[in-house]
Amino acid sequence: MNITKSSFGITNDGEEAFLYRLENTSGAYVTITSFGCRVVNICVPDKTGTLRDVCLGYDTLAEYEKDQASFGAVVGRHANRIEKGTFTLNDKTYHLVINNGPNHLHGGTRGFHYYNWESAQVGNTVRFTRVSPDGEEGYPGTLTMSVTYAWSEDNELSISYEASSDQDTVFNTTNHSYFNLNGEASGSVLEHILMINADQYTETDENDLTTGVISDVAGTPFDFRTPKPIGQDIFADHPQLKYSKTYDHNFVLNGSGLKEAATLYVEESGIRLTCFTDQPGVQLYVPAQSPAEHGKNGICYPAYGSACLETQHFPNATSHPNFPSVILKAGETFKSKTLFHFSVTANKR
């Protein structure tokens, strides 16, 4: 594994951001920046052997500093939404920044993805570390988090998370990469074939906030247990699709431990993405509007032009005791792993 480090520029805080390129012997590679602990490129071979960058993003640090889409980012301290930015922990009520309609999203106005992380090569991996001080965006406790990225000879991106806090706090993180397996500037993903290993999903309200209701996918547009095109049911007349006209929902994954959560495949390139995680949920997000006016090479990314598979605990778990807890106790260590494996197949399903 060849890992090279280069400068990605100077942040608005006056810190130097770095770009790491992890390249295997076949020439496939990923690049990760210390700014926001973000995945910038994932370049893997298609069925003809041509490398395609399947991850949306930007060309420059300045663009990432202004990013509103969380491209490739590790988000936190709490990924996804918290109702009205309020939760109660140990009989004390905390008020977080409101930055998504009436709710709190992805850690607030300045979540983890707007900071430059400490970084270092550790063997064949790159580790990023950040200390979030007590009270940042309203969260209790000083939290120390590390994310370790590895890239394998068979084109698997491994993301390992670790976090601990000196006070009880809430914690839920994910990687927010946007995928298009025909290439990041290749139009719609509605023909991509998706499988999600989930019998249930969590319902949302008009603000895409989970209501606490867990519903069966059977007989609904949310049934991806048998692979089907993303676009097959995305415009169906279903109450859960009437507000946003797209998928922005958490799926309750079957099984425990590290398991296959989802597969994504497109016939044109022949590239298949298989996602494994030990998290209980995965958020399928297919943006119904352009997530960025100008992406890499100045391209305007279209609506329905990417899909996110955000492995996570369930959104808004602080309001719903029936969801897996997102409380991180003082002195305990959170550990989690997600794998994105890229391969080539000639089989449509």
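The questions and answers below concern this predicted model.

Me: What radius of gyration does the protein chain have, and why can it be set beside that of a compact globule?
Reply: The C-alpha atoms of the protein chain fill a box of roughly 60 × 50 × 35 Å along the principal axes. For 349 residues, a compact globule would have a radius of gyration near 20 Å, so the value for the protein chain can be set against that figure. The two agree, the protein chain having a radius of gyration of 19 Å.

Me: What percentage of the contacts in the protein chain with a separation of 6 or more is due to residues 24 or more positions apart?
Reply: Contacts here are pairs with heavy atoms within 4.5 Å. Among those with a separation of 6 or more, the share from residues 24 or more positions apart is 65%.

Me: What percentage of the residues in the protein chain is buried?
Reply: The protein chain exposes about 13,200 Å², of which carbon and sulfur atoms supply 46%. A residue counts as buried when its relative accessible area is under 20%. Of the 349 residues, the buried part is 59%.

Me: How many Å apart are the mean positions of the positive and negative charges?
Reply: The protein chain carries 25 positive and 41 negative charges.

Me: How many salt bridges does the structure hold, and which residues are joined into one network?
Reply: Side chains of opposite charge can pair when their charged atoms come close. The structure holds 12 salt bridges. In the salt bridge of aspartate 233 with lysine 228, N and O are 2.5 Å apart. Salt bridges with shared partners make one network of Asp46, Arg52 and Glu268.

Me: Is aspartate 223 buried or exposed, and with which residue does it form a salt bridge?
Reply: Aspartate 223 has 19% relative accessibility and therefore counts as buried. The closest N and O atoms of the salt bridge are 2.9 Å apart, and the partner of aspartate 223 is arginine 225.

Me: What are the relative accessibilities of glutamate 23 and arginine 21, whose side chains meet in a salt bridge?
Reply: The N to O distance in this salt bridge is 3.1 Å. Glutamate 23 counts as partly exposed because its value is 22%, and arginine 21 counts as partly exposed because its value is 30%.

Me: Which residues does a cis peptide bond join, and where is arginine 77 found?
Reply: The cis peptide bond has an omega of about 15 degrees and joins glycine 76 and arginine 77. Arginine 77 is found in the loop between strand E6 (73–75) and strand E7 (81–82).

Me: What is the phi of asparagine 80, and where is this residue found?
Reply: Asparagine 80 is found in the loop between E6 and E7. Its relative accessibility is 3%, so asparagine 80 counts as buried. Although asparagine 80 is not a glycine, its phi is positive, at about 65 degrees.

Me: What is the phi of histidine 106?
Reply: Histidine 106 lies in the loop between strand E10 (104–105) and strand E11 (118–122). With a relative accessible area of 8%, histidine 106 is buried. It is not a glycine, yet its phi is positive, at about 50 degrees.

Me: In which strand is isoleucine 42 found, and which residues does it touch?
Reply: Isoleucine 42 is found in strand E4 (residues 38–45). Its relative accessible area is 0%, so isoleucine 42 is buried. Leaving aside residues up to four places away in sequence, isoleucine 42 touches Tyr29, Val30, Arg52, Asp53, Val54, Cys55, Trp151, Leu157, Phe179 and Phe342.

Me: How far apart are the C-alpha atoms of leucine 194 and histidine 106?
Reply: Leucine 194 is found in strand E18 (residues 193–196), and at 1% relative accessibility it counts as buried. Beyond residues up to four places away in sequence, it touches several residues, including Phe224, Lys228 and Leu309. Leucine 194 and histidine 106 are 88 residues apart along the chain, and their C-alpha atoms are separated by 25 Å.

Key: Residues numbered from 1 in each chain as written. Predicted model: local features only at pLDDT ≥ 70, side-chain atom pairs only at ≥ 80, totals over all residues. Heavy atoms only, no water. Rg over C-alpha atoms; globule rule 2.2 N^0.38 Å. Buried < 20%, exposed > 50% of the residue type's maximum accessible area, 1.4 Å probe, protein only. Areas by Shrake-Rupley, 256 points an atom, 1.4 Å probe, with all protein chains shown as cover. Lys, Arg positive; Asp, Glu negative; His and termini not counted. Charge placed at Lys NZ, Arg CZ, Asp CG, Glu CD. Salt bridge = Lys/Arg side-chain N within 4 Å of Asp/Glu carboxyl O. Helix = DSSP H or I, 4+ residues; strand = E, 2+ residues; numbered from the N terminus.
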